[in-house]
Structure formats: structure tokens, C-alpha cells
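Trainee: Could you go through this model with me? I'd like to ask things as they come up.

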Amino acid sequence: ARDTAPGPGEPLAPAALRGDPSTYELHVQCDCLRIDLADDPFETWLGMQYRLMLDESTERSHRWDLLEERLAALAIDDDEAAELRNALEEENSRLFCERARFVRRRAVRRKLASITVKSIEASLLPQLGCGGGGGVDLSSWDAILAFAARFDSDAHPHGRGTDAYLAVEELSECFARMLDVSVASLVFNVRDYPLRLLEVQDLRVRGPAAFIEQRVHRDACVRASASDLHPVYAEAAILRAGASVKTYGDLRVHAASLSVTHGSCMDPIIALVAEALGNVSFPSLSRAAPLPWWDKMRMLVHGAVALEVDSLCVREIASLDPYETTDYFKVLLTNAVLVSTSGNMDLRAAELAVSDGNAMPGDEPLVRAVDVRAALSITWQFPLASADA
């Protein structure tokens, strides 16, 4: 309860729990968790009719081509040819109406996306004696701020660090624990497409995580901030909302296998999923323009993540048909390690193999490489000169 929450500088856990790795503050087990996201029946019918129109247009063009080839081979007058064309036009209309009625009679496919997680085991611990984050002190608010300062100095646009703009007295919430989460399988699928958007086997996440919220005064929910855009232009006033909860972590993630599927045929359904999730969440009360998702993630999530995958598979579908199961190319990484920090990503893999979906077991891949390493560094450019922007 908030009334009994420790104050600044006080321990976050009783003395009997601190420093005992075998004691769980919270332990959750679940055999199966499934989340289904459904869309509107009218939108489903509209999408099915649109796909029917595309397919019927292709079939109609094919029928016209066959008729014109047959007319060119037959010696008939123009009147007879016109009658055949009119008859084909009527047949095309009849077939389209019949197929449309059949689609209408089908059961409405409302499932937009589903997430299925099996054999979940999650624990919150005051300390973690081994693995990532071992020995990190999270026993007080001051210790949590010191932990967050390791990452925020790189993530903040002006490089001021947590110590420069956060103090214990300025916090309204401060919570940190060691995480230990294991999952047997995680599947993210859209519609009834055969290739799953995301599939993870034997996932485990360990490490410290902190959640920090700055204290917001009642009159500071929406405030105006003055920023100098350029010496030539006048000073601009930008409306800003109160500070959001920021997350800091130093996590170690391991998975036996991770498979990701993408393609241009997936873009429409991904847009529908994003729109549906936007309707579920509460809209922002801020009058400021919304940020893109990457800016939101960069502002709210800080820290380092080390992902180790025994078998990492990325599929890119080359067809416009989302039900295609062979027309794709596959990139397979063996013993891959991806380390992500603030603005930097480093990828290492023992072997890289590129093949197509028609490859049989034992076939040589199109491209093979060993001891692969790739590095990516991102620098954010800010046109705003004010430190408060």
C-alpha cells in the first residue's frame, strides 16, 4: 500500500529479505496465458470483400485474355464476337455475385492477433546472487538512483545524467527489484496466417530493473516550455505534459530459438493491430503533438539488454499473399549474441546462413559466413537548443 511504502533513503524490503537470494518477494506460476485481440465484424467483411475483388479482377482478366485468343483463332463476324463478349461479361458478374454471397455466408473471422505464453514462472527478488546484475544494491532510493545514473547519462540528449536533474526529493515513485522470468514458449500470431509473426522457445530473462517517476505538481500537468529553435527564428513555446515513469534495466535474456517473420503482406494487418491497441489504451491528455514510437521508447526505456539466442531465424516473405509458406528467404544465425545499450547495438554470431523457403534439409545455403559481427551506432540530432526541450 502507498501509505506503508518506504520513504526516501529507507530500505525497500524488510531486513529478513534483503540479501537472501532464496527468498521470493513475489512468485507467479501460470501454465498457459492467452490474449486475443479481435476487430470489428464490419471491418472484417470489408477486408474479405476487398480481397475477393482483387482475386476476381485477376480471374476476369484471365478469362478475357482466353476469349480474345479464341476469337482471334475463329473466323466469325463482329456481331457474333460481340455476343460472346456480352455473354462473358454476364458470366463474370454472375460469378462475382456468387462468390460474394459465399463469402458473406462464411463465419466471420474476427481474430486480429493472439499471444500465447506457456509455462510462465516469474519472480521478484530483493537480490540476485548470480547471473546478470549480481551484486547490484537496490535497497534504497539513493541506491536505485545510482543504478539508473549508469545508463541515463548516455540516453539523455544533453548528456547531463540522472544526478544532474534527479534527486530523491524530486521523486514520487521509485521501485526496483531483481527479475527472474522464464517462459517455455511464446507465440505471437496474426489472423490465421501459417507463418507466425514471432515465436520464442525456452526464454529466460534475468537482471535488475528500476521504475522511477518524478514528482509532478498539480499545476504542472500541462506546461509551456520555451525553446530556441534557431537564432533566425523567434522563441517557440512547446506544450509538455508531466514526466512519465521511466524504466532502467540491465537484463540478460537467453532463448533456445527465436523466429521472426515479416513481409509487405504483413503491413496491413500490423497497422490494424497497432490501431486496435491504440483504441484499447487511454488517450493522452497532453495537448502536445504525439511522439513517434521510437522516441517514446528512447525516452521511457534506458539501460542495457544482452540477448543470447542459440538459433535466431528471420524470414522475409516475398509474396503479397500472407498465406504463402514457401516464397520467402530465411536468415539463420547460430549462437547469436545481441547487446543493446543506449544508441549502440553489437551483434555476434558463430554462423550465418541465408536460404530460400524451398530449400530442403541438407541443401547448401545461398550464403554462408562464420564468426559474424556487426555493430550499429545511432546518434540523435536535436535542433532544439534549450535544455528543457
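Trainee: Why does M297 count as partly exposed?

Mentor: M297 counts as partly exposed because its relative accessibility is 45%, and the class lies between buried, under 20% relative accessible area, and exposed, over 50%, with a 1.4 Å probe and protein chains only. Keep in mind that this is a predicted model, in which local features need pLDDT of at least 70 and side-chain atom pairs count only at pLDDT 80 or more, while totals for chains, interfaces and linings use all residues. Residues are numbered from 1 along each chain as its sequence is written, and side-chain values use heavy atoms, with hydrogens and water left out.

Trainee: Where does M297 lie, then?

Mentor: M297 lies in helix 6, helices being DSSP runs of H or I with at least four residues and strands runs of E with at least two, numbered from the N terminus.

Trainee: And which residues make the nonpolar surface patch?

Mentor: W293, W294, M297 and V301 make a nonpolar surface patch of about 470 Å², and helix 6, residues 293-300, gives the most to the patch, with three residues. The areas come from the Shrake-Rupley method with a 1.4 Å probe, and for residues only the protein chains shown count as cover.

Trainee: What does helix 6 lie across?

Mentor: Helix 6 lies across strand 7 and strand 8 (301-317), running at about 140° to strand 8, where the angle, from 0 to 180 degrees, is taken between N-to-C directions of axes fitted to C-alpha atoms, for helices over the stretch in contact (heavy atoms within 4.5 Å).

Trainee: New topic: in what order do the strands of the sheet come?

Mentor: Nine strands form an open sheet in the order 1-2-3-4-7-8-9-10-11, with mixed pairing, and two strands pair if DSSP finds at least two bridges between them. Strand 1 (26-38) and strand 11 (367-377) stand at the edges with a single partner strand each, so one side of each is left without a neighbour in the sheet.

Trainee: How many bridges join strand 3 and strand 4?

Mentor: Strand 3 (residues 171-190) and strand 4 (residues 198-214) pair over 16 bridges in the antiparallel sense, and V187 stands opposite E199 in strand 4.

Methods. Patch = residues over 30% accessible without salt bridge, like charges linked within 9 Å, V, L, I, M, F, W, Y side chains within 5 Å. Salt bridge = Lys/Arg side-chain N within 4 Å of Asp/Glu carboxyl O.
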